[in-house]
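Good morning, and thank you for joining. I would ask you to keep the sequence and the structure in view as I speak.

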Amino acid sequence: MNMLFKINADDNCAVALSELKKGSIIDDIELLDEIPFGHKVALESIRSGEQIIKYGNPIGKASCDIAKGAHIHSHNLKTLLNENAEYSFSLEKSYSPLNSELSFMGFERENGEVGIRNDLWIIPTVGCVNNLCRRLEARAEKLIKGSITSVKAITHPYGCSQMGDDMLNTQKALAALAKHPNAGAVLIVSLGCENNNLDEFLPCLGDFDSSRIRFLVAQNEEDEFKAGVEILNQLIDYASSFERKPINISRLKIGLKCGGSDAFSGITANPLCGKVVDKLTSCGSSAVLTEVPEMFGAEHLLMLRCENKEVFEKTVNLINSYKNYFTSNHQTVYENPSPGNKAGGITTLEEKSLGCVQKGGNAIVCDVLGYAEKCKSNGLSLLYGPGNDIVSTTNLSAAGVHMILFTTGRGTPLGAPVPTVKISTNSALAGKKPGWIDFNAGILLEGMDFESASSELLNLIIKIASGEKTKNEILGNYDIAIFKNGVTM
């Protein structure tokens with residue numbers, strides 16, 4: 001087994017596939033330092049100020065002279081990112097999906113949308129009724145029947161003492177979740193006096209099916225729990241009428257997320273997701289990529305794949321508006337990676353970003369979405385939002401994805417309201433946390449080729465879309481967090 005992995009022929013560094021001892025000689029390179037698992041080794045002498053290349057692109061510059069065989073990390077590698085960059089449009093791209101006979105067993109809704117689950121969701125408009133929602137969840141779990149797949153009380157601490165765009169973000173996210181096709185029926189629970197009371201929330205919800213979405217205002221009921229159970233019984237009767245049927249793969253929507261990344265995220269799990277995204281979008285499916293700060297330093301690769309100039313300009317605005325979000329809060333755009341990322345071998349944001357965007361494969365960028373905006377295009381869409389794990393998975397769920405492919409090198413049990421497929425970057429994590437991990441991309445370091453591994457992952461995706469539970473579903477993990485950016489009164 002090779003001990004050093006060079007990702008691209010143009011790279012001047014390689015990744016250690018195991019912990020390497022100082023003085024070892026590997027591929028005619030004498031190691032001058034201890035090299036932790038997943039960290040970088042200089043393949044040649046690099047002078048101070050010269051670029052360090054990984055993935056065929058610069059991940060920063062040397063802050064001092066680096067000798068061949070030396071450890072490359074935070075002590076000698078600095079970011080090249082800054083707040084200002086110029087971009088130019090190249091050529092229009094053609095997105096022409098093929099007809100495919102691939103299908104999954106899903107639920108077709110009365111409005112023509114499809115879901116991969118037939119859940120009953122209980123959504124509070126405000127955190128004050130969270131406990132009521134959890135009590136209703138526990139009772140509904142004893143009442144569900146037929147094709148209903150689960151009951152979820154999607155609790156959160158928001159909905160009051162918020163103002164302006166901050167409140168609007170809460171309303172947009174909750175309204176989008178309420179209309180998600182993975183939910184066969186939804187009970188929206190309000191306290192009654194909150195800022196996000198029903199009179200304020202309903203305009204944001206817009207048109208809705210009154211058979212599918214019902215409401216409970218706790219302050220209006222003598223016994224709010226009893227009233228809630230009565231409504232739930234009606235919703236259970238409605239939702240249980242849906243049955244699975246064959247649905248063409250072109251109607252599947254996939255969200256893309258990475259968290260707890262390590263140096264192998266960009267070598268195994270992320271490019272594996274990219275391979276699957278290429279296969280799915282070639283069949284007309286939709287994929288959504290978010291985590292805008294983790295596009296910084298790699299955004300040029302996405303811009304090269306924009307379908308037309310309009311999408312390109314929306315992508316430029318996506319990047320620049322998020323940079324402005326940082327600078328308007330007096331923060332630098334490159335305050336990333338996290339301590340855990342660095343321990344795993346990632347040094348700069350552009351290194352993290354170059355690995356991160358590989359989840360989108362080579363798919364054509366067909367649209368750019370605002371926060372919690374519904375995905376409406378086939379191909380790859382970019383979604384405005386942060387990289388924070390819970391905020392990102394909530395944002396992707398609100399965008400209407402049916403499931404999320406979540407790659408991780410360090411592990412996390414986190415789940416979204418939609419099935420969250422955990423893909424480990426290495427076999428050690430998959431072996432240590434079998435209760436968290438759904439698919440092990442570490443097999444790519446052990447001899448399996450990308451074509452075979454991507455076929456295995458695609459088969460798993462179809463099984464999950466057809467009802468097989470993910471580990472987050474088995475654990476009952478489905479948290480949400482809304483992108484908050486404003487004053488709390």
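This is a predicted model: local features need pLDDT of at least 70, side-chain atom pairs count only at pLDDT 80 or more; totals for chains, interfaces and linings use all residues.

**Around Asn426**

Leaving aside residues up to four places away in sequence, Asn426 touches Phe37, Asp262, Gly409, Asn440 and Gly442, where contact means heavy atoms within 4.5 Å. Residues are numbered from 1 along each chain as its sequence is written, and side-chain values use heavy atoms, with hydrogens and water left out.

Where does Asn426 sit? It is found in the loop between strand S22 (420–424) and helix H11 (427–432); helices (H or I, at least four residues) and strands (E, at least two) are DSSP runs, numbered from the N terminus. Is Asn426 buried or exposed? Asn426 is buried, because its relative accessible area is 7%, and buried means under 20% relative accessible area, exposed over 50%, and partly exposed in between, with a 1.4 Å probe and protein chains only. From Asn426 to Cys160, the C-alpha to C-alpha distance is 43 Å, and the two are 266 residues apart in sequence.

Let me turn to the protein as a whole. It has 13 helices and 23 strands. Its C-alpha trace spans about 75 × 45 × 45 Å along the principal axes. Buried residues make up 57% of the 489 residues. Of the contacts between residues at least 6 apart in sequence, 72% join residues at least 24 apart.

Next, the interior. In soluble globular proteins, nonpolar side chains tend to be buried together. Here, the largest nonpolar core has 96 residues, and those with the most contacts inside it are Ile52, Phe104, Met295, Phe296, Met403, Leu405 and Ile423. A nonpolar core is a set of buried Ala, Val, Leu, Ile, Met, Phe, Trp, Tyr and Cys residues joined through side-chain atoms within 4.5 Å. A second, separate core of 27 residues includes Phe107, Leu120, Ile122 and Leu216. Returning to Phe104, its contacts beyond four places in sequence include Val114, Ile116, Pro246, Leu252 and Ile462.

Finally, which residues of helix H9 are buried? They are Leu349, Glu350, Glu351, Lys352, Ser353, Leu354, Gly355 and Cys356. Eight of the eight residues of H9 (residues 349–356) are therefore buried, so this helix is largely enclosed by the rest of the structure.
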